[in-house]
Amino acid sequence: MMDIDFNEYKLRCELRGHDDDVRGICVCTDEHIATSSRDRTIRVWSLDSDNKRKYSPSKILLGHTSFVGPLAWISPNEEYPEGRLVSGSMDTSVFVWNLTNGEVVQALKGHKMQVTGVTLDNEDIVSSSVDQTLKRWRNGQLVESWEAHQSPIQAVLRLPSGELVSGSSDTTLKLWKGNTSLRTFAGHADTVRGLAVMPDLGFLSASHDGSIRLWALSGEVLLEMVGHTSIVYSVDAHASGLIVSGSEDRHAKIWKDGVCVQSLEHPGCVWDAKFLENGDIVTACSDGVARVWTVRDGMIADQMEIDAFDSQLSQYKLSRKKVGGMKLDELPGIDSLTLPGTSDGQTKVVREGDNGVAYVWNMKDQRWDKIGEVVDGPEGVADRPIHDGVQYDFVFDVDIGDGEPIRKLPYNRSDNPYDAADKWLLKENLPLAYRQQIVEFILQNSGQKDFNFNPSFRDPFTGANAYVPGQSSHTAATTAKPLYKHIPKRGVLVFDVAQYDGILKKMTEFNNTLRADPVHTDKSLTEVEISRVGAMVKILKDTSHYHATSFADMDISLILKVLQAWPPAMMFPATDLVRMLVLHPHGASLLIKHVEGNNDLLLDLIKKVTEDSALPANLLTTVRVLVNLFKNPSFHYWLQRHHSQILDAFSNCYSSPNKNLQLAYSTLLLNYAVLLIEKKDQEGQAQVLSAALQIAEEDAADVDSKFRSLVAIGSLMLEGLVKKIAIDFEVESIAKSAKASKEAKIVEVGADIDLVIRQP
């Protein structure tokens, strides 16, 4: 290894090609780099034969159905002359790729939730997951699995001495010999996100608490590095002793002897950072670009490339900069001051260079007088303004007139606007008569026009309530609660509209086909049985008499015969009939008898419709049956007991091009969120959360499907047990994306989730 005296790193080249965040980096050799992305692909980059400073794309690996994260390289052998690559994904799978032809040679299925880490242990692959397990794979087979933490596992690492280290959302790290825990390392104050070997000393950990720690195997903390202002996602070390870390704060920091010696600013969050053997650094950024940085003079990018990067960085910072709650790049230019104001004292904020400057209209002199530069809270902390050293969602300027100075009114969306108005009026020594006017001002300017007024008030000095005409003067003061528009979800949704005539017509048509086929004629229904199906339809149509109508046992047996004996391509009308049958009280009571024993009608149905040649019509009708089961409490135990099996079976529905199937699946997740919150089932809630996040991140997802998945996410975070897991899943970026949507209800539920994130 070459010894590196520290010199400043500079841009060497950019690896452009991904369509979304670059999430992971794997250094195969100094000549070959692999990157993973939220765009579901892995790209392999090779040193350019014509320009040794740059890398060119050599392969795109396609196969994962959700974003790809951790990567590991298996060095070449005779069978795989270019080596293999191991990848883990949000889709719960681990793939092993042949780098010679870009094909998957092993698909390792077993995790129930996102795969967060992969590491090589001699010939074995060890993977970590949000499902709290570590799994060992050998020759494509699962040979060992154990629950390593009581919270999601975010990273796993094999040490040169042979032990494994795992890092978890429970804030701890664990040292393993096989599946035996040797030691627990405590010290971080938040999720442990990244791990790396520190040659000859021990290992490094990166945490959401903003720090990096160097640990000895004895458990002693040898060094703590603090300097990032947000979550640290990754860490890596070089043989020279240098350390690099990547963070949500948009910087890759380089450390020497525990001191930050350089910060490399990026136009987005830095998900990963890795050293090449020669000392160069590769970074993965949320702008979809991987970058290589170097200290070697002959390898530094030319001035045009550096200028282009600096310009991109400047544009990014400009686009994020806010003044007075407004984006700087959306402010009018200074030429807008050529237009006269409409009233004395009118204010206007304009863009001057990289700053926002406020002007006030002087009616007497007919001119705009400059007030000064407008500033907001610091970037990187949700761009929230600061007042008296405290962050708020809003800091309003209030002009009460009468020659009085402008007053600052701080407010959070989670505040009760009446409480905020009362406290502010008392603090400013202003009459409480202004109360209603201030409340309306807050609601109008914070976008909370739909707030349900609750004018209860308790004087902070006397404890008495304010008098409101038409109400008792003894109304109790209420604790301020955040104002959510769409969460938590109460009750479940069902699909209760059916085209009965179409169902009956299709069943009759299919039955005639079977009767005419000598091979299948024994599976067809008799005329009497078809007539009985018609009688069932008549009962189901008459919803006003559900309380007084019933079915015979033979009716259920008849439907069972169709579901079990008819070919898959013909069974969907009968499945659709079952969907409506479970909404009928007596029909549901008869059906449940067929799911409680060894011969489970519903599990058999799920298995049949999700086999290799799964038909969209069968998937759609079966998912809708499951959705409707939630309406009847008698099925709740069954639904909870089999939640993992059910969600795994239909996990690919989120990316179906069939919008109706997408909607049915997202409704299933939403109903499961409601049920599992009620049952306080954390493991189940975490699996539903993971599945809902996949839909929320799916660009092509139908609006209604995305909305229901976001409501499920918000409800699970607000009333469930998985808020911390959701934050570890970067739910904040999902909320931010939702708030930027053109669909009003997506924006609203995104704001709800954002508000939950901010609650302590």
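In this predicted model, Cys-269 counts as buried because its relative accessibility is 7%, under the 20% cut-off. Cys-653 has a relative accessibility of 4% and therefore also counts as buried. A search of the whole structure gives zero disulfides. Cys-269 accordingly belongs to no disulfide, and the nearest cysteine sulfur, that of Cys-285, lies 6.9 Å away. A disulfide would require the two sulfur atoms to be within 2.5 Å.

Two helices were examined for packing. Helix H6 spans residues 553-565 and helix H7 spans residues 572-581. Their axes are 9 Å apart and form an angle of about 145 degrees. The crossing of H6 with H7 is left-handed. On the H6 side, the contact is made by Ile-556, Ile-559, Val-562 and Leu-563. These residues meet Ala-574, Thr-575, Leu-577, Val-578 and Leu-581 of H7. Sorted by class, the contact of H6 with H7 comprises eight nonpolar residues, one polar residue and no charged residues.

The strands S2, S3, S4 and S5 form an open sheet, in the order S2-S3-S4-S5, and the pairing is antiparallel. Strand S2 (22-29) and strand S5 (55-62) are the edge strands, each pairing on one side only. Between neighbouring strands of this sheet, the average turn is 20 degrees when direction is ignored. Strand S3 covers residues 32-37 and pairs with S2 in the antiparallel sense over six bridges. Within this part of the sheet, Val-22 stands opposite Ser-37 in S3.

Technical notes:
Residues numbered from 1 in each chain as written. Predicted model: local features only at pLDDT ≥ 70, side-chain atom pairs only at ≥ 80, totals over all residues. Heavy atoms only, no water. Buried < 20%, exposed > 50% of the residue type's maximum accessible area, 1.4 Å probe, protein only. Axes fitted to C-alpha atoms, helices over the stretch in contact; angles between N-to-C directions. Helix = DSSP H or I, 4+ residues; strand = E, 2+ residues; numbered from the N terminus. Left-handed = near helix turned anticlockwise from the far one by under 90°. Contact = heavy atoms within 4.5 Å. Nonpolar A, V, L, I, M, F, W, Y, C, P; charged D, E, K, R; others polar. Pairing = 2+ DSSP bridges.
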